[in-house]
Amino acid sequence: MHRELGLIDEELEAIVERLGRAPTREELAMYAAMWSEHCSYKSSKVHLRTLPTEGNAVLVGPGQDAGAVDIGDGLAVVFKMESHSHPSAIEPYQGAATGVGGIVRDIISMGARPVALLDPLMFGPLTQERNRWLMAGVVAGIGGYGNCIGVPTVGGEVRFADPHSANPTVDVMCVGIAPADRLVTAASHTPQAGSLMVLYGASTGLDGIGGVSVLASATLDGSAEASRPSVQIGDPFAEKLLIEASLELVEKGLLEGLQDLGGAGITCAVSESAARAGLGAELDLDRVPLRDPAMEAFEILTSESQERMLAIVPPSKLEEARAVCRHWGLASAVIAELVEGETLTVHHHGDEVAAVPARSLADEGPVYERPVAAPDRSNGDDPTFRPFEGEIREAFLAILSSPDVASKRWVFEQYDSIVQGQTVAAAGSDAAVVRVPGTMKGIALSCDGKGRFGALDPYLGAAHAVAESARNVAVTGARPLAITNCLNFGNPERPRVMWEFAEAIRGIRDACVALETPVTGGNVSFYNETGESVIWPTPVIGMLGLLDDHRLRVPTAFPRAGLAIYVLGETLAELGGSEFSATVWNSVAGRPPVLNLVEERALLDALQAMASEALLASAHDCADGGLAIALAECAIEGGHGFAVRIGGDLPPHVALFSESASRAIVSVAPEHEAALAERGARHGVPCTRLGETGGPRAVFDGLFEVSVAELVDVYEGAIPRLLGETA
Amino acid sequence: MNDPGTPRVGVITFPGSLDDRDALDAVELMGGEGVPLWHAERDLRSVHAVILPGGFSHGDYLRCGAIAAHAPIMAEVAAFAERGGPVLGICNGFQILCEAGLLAGALIRNRSLRFVCRDVWLRVETAATVVTSDLTPGETIRVPVKHGEGQFVATGDQLARIEEGGLVVFRYSSQDGVTGEDHNPNGATHHIAGIRNEAGNVVGLMPHPEHAVDPDVGPTGGQAVFASLLASAMAGAGA
């Protein structure tokens, strides 16, 4: 029985030893859920411990529902990313929708109002019908849920690669804002023995049984269709009411604790709450509102029915708390009481069905130091040194229309990006910028994964992801503050995958230390493989940055004609893992660009300094597709052409498409050119003048030119054309 | 409370309303006093104008706006409209006004079958409403839309009455005021983005003028809409 639930023999033995007896059926189900990879992080914990988690601004680090960062003015930003890849592979609409719901509840449970969502997505090529179906379903699910709860979806990314055909990656990030002194944390809220656990929101049904242990903690195989009932069904209307009711409970000071119900359902929420308080609990399953009265105890304990929260309320405030729920039309029920001691006892139909130490479920799961083994293979010939004999203009247009680079308008127009009225910049900007109500501040948000780089070198891929997300934030003028992440990998029981994971963690650690952006939390998504198909090691980084004055935000695109265009940073001969190589030669090979974190840090500092003095008319990260694509994007979004001359000794295709790190394209008014050069020199960042903005054409002097209208058509039309819709 | 000359504009929150706070902010930014109203109450708190905001009232379950149209406060809204009080329904609010019978026609799923969020141009068709008195027919304004069910439809008879009576308030168009499928985000009949009642005091719009008043976060085409609404409210206040 324990094996069916996902527990291995050694884990069963550990349970027997902890209890001093054989577990009941219900206890076994509880341990299986809580000790699942998804809930316990048993394969990743030893590596995650090596990440930098402390910094001046960090209020809450890893271990709680979400991280929190101090942004001044007595306010905290709360943020977290999570994956819902497995359910989305089986039922894309509901899988993605409930992913949104889950991460939003993580933010609510910290007492913060959700203010932004971002969705990094990865699919297989759109030439395959199933991938088109998956993308359409996932995007509709994110929109269907997010649009209905009044939280703007302001960013994310969409990428395509073969390994994601079998295993799409669906990550979701949510960001919230709260008064720092009102955060619901273990430190600020101390539940007492005798306090009551109030379950409120939706009733508990048979959906999502075994979600964490069956779906999220094993590879998908031929029986995936049969797992469909393990996917939960979302009710965004209930979630909206849950947001309002929860925040009112927090604001009125009625709570000693607040916990969302996600993976492992009531078992997780009750055991974690009790363990955190250093107490035990008495849980009465007969008091749980059920959709099906015939539900068995283990089903009630592990159901992952959506839109439920657990409040810990002192008896004196129970009536007031329940009145808040009633006002918002939500059912509530006292299902448990905190008690002295450490035992979580569970009653059902009058019988005691479980009695286990709460801590043993929540904190004492197994920890594995799984074997790692570096692969024995080469990355093939580096494309940097392969002669290019094609037409450079054709290569440029091919890259501009590659789905990774082309406009994702088809996706982002399906998301409400403006509700709440604080969205300064969303799609089309390197980082989304959202105002902080009541202040002049803005928070800048970016999500980045570097799949191809990671496939070639997981250490570099991860470090590049951190650097790029920091750069995306910094080009808006914001200061990168901290990250969350979602670590997407294959089966950790395979030493090759575990090596990739360890390397990626090392890359994140080095980059976060150098850029002073601590890790405040995150999520690990293992088992993203099916048969022979394994996803590339793809840590996705969610970066939070802060603009002291949102009016000083630097736009991405060229805002007008007559500006001087500069590239900051240095272009080296680096086509390994590039968009050029993938698109033109259909080859993912070689070594990814080097990443000098000192230079990266210098660029970030220079960008902030230039922005704070309002020297920059625009700034854009130079990454996928290199210089040529970055310039094209500035022209497309701004509607202004340019004329540039790319100097240097590199062959033209290398100079245009190299993906060297730590670069940005900026435009400046002529009167600021001297100051730009001075600030660049001061920070040790090379500033090279490329040309000027203006005119109806993108002119690469001596090489080729394209009208801006054609750029727009190619860039905007690519994905609709792949989907069989006219642009 | 603001000074007595300030028009009070009520914004009704239904369960599932999302742009209620945004509408209140827009009212305040344009110089009015925003007054939050709750769907389950029967009290309009002596406001001079009422906004039914965007969102997904009751999750849009059953049919968009169908449940909210029966909220206790809607009887008061109907009476207020009957007395000539200015009423603006935005997006879900437009759907509620149609369901409540205060406006003709209905809003169905976008022709693309997809939700759409983008800035559009609207051509002003009439100045004879409580939200367009500051605008000139033929003028265009930039305002965002965001909806999954915004395709305006009506029966032949209704459509004839709407067109012949000059009840179309805005049509989707190009910046130059030319209508066409390229400029119509949802497939609306006759490119209709908003309509009014015969008296011109009740208006429903699919686009969101409340998201087009603050230049830091969007276009500014909604400023004239709110200026008009506040002027109408002021007139109602007898100021």
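Helix axes here are lines fitted to C-alpha atoms, for helices over the stretch in contact, and the angles between them run from 0 to 180 degrees between N-to-C directions. Helices (H or I, at least four residues) and strands (E, at least two) are DSSP runs, numbered from the N terminus. What you're looking at is a predicted model, where local features need pLDDT of at least 70, side-chain atom pairs count only at pLDDT 80 or more, and totals for chains, interfaces and linings use all residues. Residues are numbered from 1 along each chain as its sequence is written, while chains are lettered from A and ligands numbered from 1 in the order in which they are written.

Let's start with a pair of helices in chain A. The axes of α6(A), residues 92–108, and α9(A) come within 10 Å and cross at roughly 5 degrees. Angles under 35 degrees count as roughly parallel, over 145 as roughly antiparallel, 65 to 115 as roughly perpendicular and the rest as oblique, so α6(A) and α9(A) are roughly parallel to each other. On the α6(A) side, G101(A), V104(A) and I108(A) make the contact, and α9(A) brings P236(A), E239(A), L242(A), I243(A) and S246(A). (Residues are in contact if their C-beta atoms, placed from the backbone, lie within 7 Å.)

Now for where the chains meet: 24 residues of chain A are in contact with 23 residues of chain B. The elements of chain A that give two or more residues to that side are α7 (129–149), α9 (236–251) and β14 (423–425). Here α9(A) turns up again, giving the most, with four residues.

Back inside chain A, α17(A) (residues 458–474) and α20(A) (residues 597–612) pack at about 10 degrees, with their axes 9 Å apart. That angle makes α17(A) roughly parallel to α20(A). From α17(A), the contact takes A467(A), A470(A), R471(A) and A474(A), and from α20(A) it takes E600(A), L603(A), L604(A), L607(A) and Q608(A).

Over in chain B, have a look at strand β6(B), residues 116–124. Eight bridges join β6(B) to β7(B), residues 140–147, and the two run antiparallel. Strands pair if DSSP finds at least two bridges between them. To find your place, C117(B) stands opposite K146(B) in β7(B). Strand β6(B) also has four bridges to β9(B), residues 168–173, again antiparallel. There, L122(B) has Y172(B) of β9(B) as its bridge partner.

Terms used:
Two residues are in contact if their C-beta atoms, placed from the backbone, lie within 7 Å.
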